[in-house]
Amino acid sequence: MNKDSYAFLKNLMLQPSPSGFEVPAQKIIRQRMKLFAERVSTDVHGNVIGVLNEKAAMKVMLAGHVDEIGLMITHVDDKGFLYFAMIGGLDPATLVCQRVDILASKGTVRGVIGRKAVHLMDAAERGRELKLDDLWIDIGAKDKKDAMKAVAVGDPIVIVPDFFELRNRLVSSRAFDDRVGAWVVTEVMGALAKKKLSVGVYSVSTVQEEIGLRGAITSSYNIKPTAGIAVDVGFTSDYPAGMPKRTGDISLGKGPILHVGANINPVLGKMLCNTARKKGIKYQMQAEPRATGTDANAMQLARGGSAAALVSIPNRYMHSPVEVVSLGDLETTVSLIAETILAMSGKESFIPG
């Protein structure tokens, strides 16, 4: 990975951007898109859209969602402690004793998530399932009045950003789901920028996926793509609690995950596999017997329907503050999608059969 692409990735991961509050990350995406795209726009929903070869009859949409899971202040008690609800799906156990950033109107406020010390819990408390009501945020306020000078009900919250490197070209951060997808669709534009294209390419950094695929629904309705490729993250099974019987044998560093199932157009799905084999790009396969729960769903059902496919980046510890991905997998995902688009003539039929 070149220095510019790596710097873009790291900067993107440091942006606090939970669903509905994606502006910080989208600013970084927009700056990068403008280096490659012929046109970049932001719609009323907040999706950032970069376009190449706009006059082409056949449109290919790429979608990676930029939003992350997070929290939101729901109550401030008399002593100045903050209570919160989830933005998206979170395991409360991953929140215990975390440092958080509250995105307040006057600037970021640092806090810590507190819980009763284990020494003070009785046997029943230690054995029962942890609930959000067992947790609170401490910003060091003297009381409610003092706390309300800094924060307000409705302020969004994220785990303190912390992007760092592990061994063997692995990196860890919160929000790889699916900030890396937004990174990939942007970098694909860079890979295609000076190439001869037979199709129009619409690269979309979508918003609000974690609360219902909302950005992909609106952007794909407006773009009306012939074909759409969503880039998201997928479960690995290469760690002690992995579940290969459910996810398949998926590992970091062995290439992107391709999928087969009802959400995947068979023609487009085969095209991705054929391109990977032809170009010597490593990939892994995963079964999807139902809807995938990704932006591919929204693109498949846009208007009268489009040919949809999903390319997933292997990800350990999904929806946690320490997700882990491979830089090599990110690079090969960009190459696979770019090469697939370059192989398109613009006359393809994606009708099955």
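## Exposed and buried residues

A residue counts as exposed when its relative accessible area is over 50%, and as buried when that area is under 20%. The structure described here is a predicted model. In this model Lys-34 has a relative accessible area of 57%, so Lys-34 is exposed by the cut-off of over 50%. Lys-34 sits in the loop that lies between α2 and β1. Between the C-alpha atoms of Lys-34 and Ile-157 there are 29 Å in space, while in sequence the two are 123 residues apart.

Is Gln-15 buried or exposed? Its relative accessible area is 16%, which is under 20%, and therefore Gln-15 is buried. Gln-15 is found in the loop between α1 (3-13) and α2. Leaving aside residues up to four places away in sequence, Gln-15 touches Pro-24, Ala-25, Ile-28, Glu-68, Arg-174 and Arg-179.

## The sheet

Strands of a sheet pair through backbone hydrogen bonds, and the pairing is either parallel or antiparallel. Here, eight strands make an open sheet with mixed pairing, in the order β1-β2-β12-β3-β13-β16-β14-β15. At the edges are β1 (39-42) and β15 (284-288), each of which pairs on one side only. From one strand to the next, the twist averages 25°.

Strand β3 (residues 59-65) runs parallel to strand β12 (residues 200-206), and seven bridges join them. Met-61 has Tyr-202 in β12 as its bridge partner.

## Helices across the sheet

Which strands does helix α2 lie across? Helix α2, residues 23-33, lies across β1, β2 (48-52) and β12, and runs at about 10° to β2. Helix α6, residues 214-223, lies across β2, β3 and β12. The angle between α6 and β12 is about 160°.

## Two helices packed together

Two packed helices are described by the angle between their axes and by the distance between the axes. For helix α8 (residues 266-279) and helix α10 (residues 327-342), the angle is about 105° and the axes are 9 Å apart. Angles of 65 to 115 degrees count as roughly perpendicular, so α8 is roughly perpendicular to α10.

Which residues make the contact? From α8 they are Met-271, Leu-272, Thr-275, Ala-276 and Lys-279. From α10 they are Leu-336, Glu-339 and Thr-340. Sorted by type, the residues of this contact between α8 and α10 comprise four nonpolar, two polar and two charged.

Technical notes: Residues are numbered from 1 along each chain as its sequence is written. This is a predicted model: local features need pLDDT of at least 70, side-chain atom pairs count only at pLDDT 80 or more; totals for chains, interfaces and linings use all residues. Side-chain values use heavy atoms; hydrogens and water are left out. Two strands pair if DSSP finds at least two bridges between them. Helices (H or I, at least four residues) and strands (E, at least two) are DSSP runs, numbered from the N terminus. Axes are lines fitted to C-alpha atoms, for helices over the stretch in contact, and angles run from 0 to 180 degrees between N-to-C directions. Contact means heavy atoms within 4.5 Å. Buried means under 20% relative accessible area, exposed over 50%, partly exposed in between (1.4 Å probe, protein chains only). Angles under 35 degrees count as roughly parallel, over 145 as roughly antiparallel, 65 to 115 as roughly perpendicular and the rest as oblique. Ala, Val, Leu, Ile, Met, Phe, Trp, Tyr, Cys and Pro count as nonpolar, Asp, Glu, Lys and Arg as charged, and the others, Gly among them, as polar.
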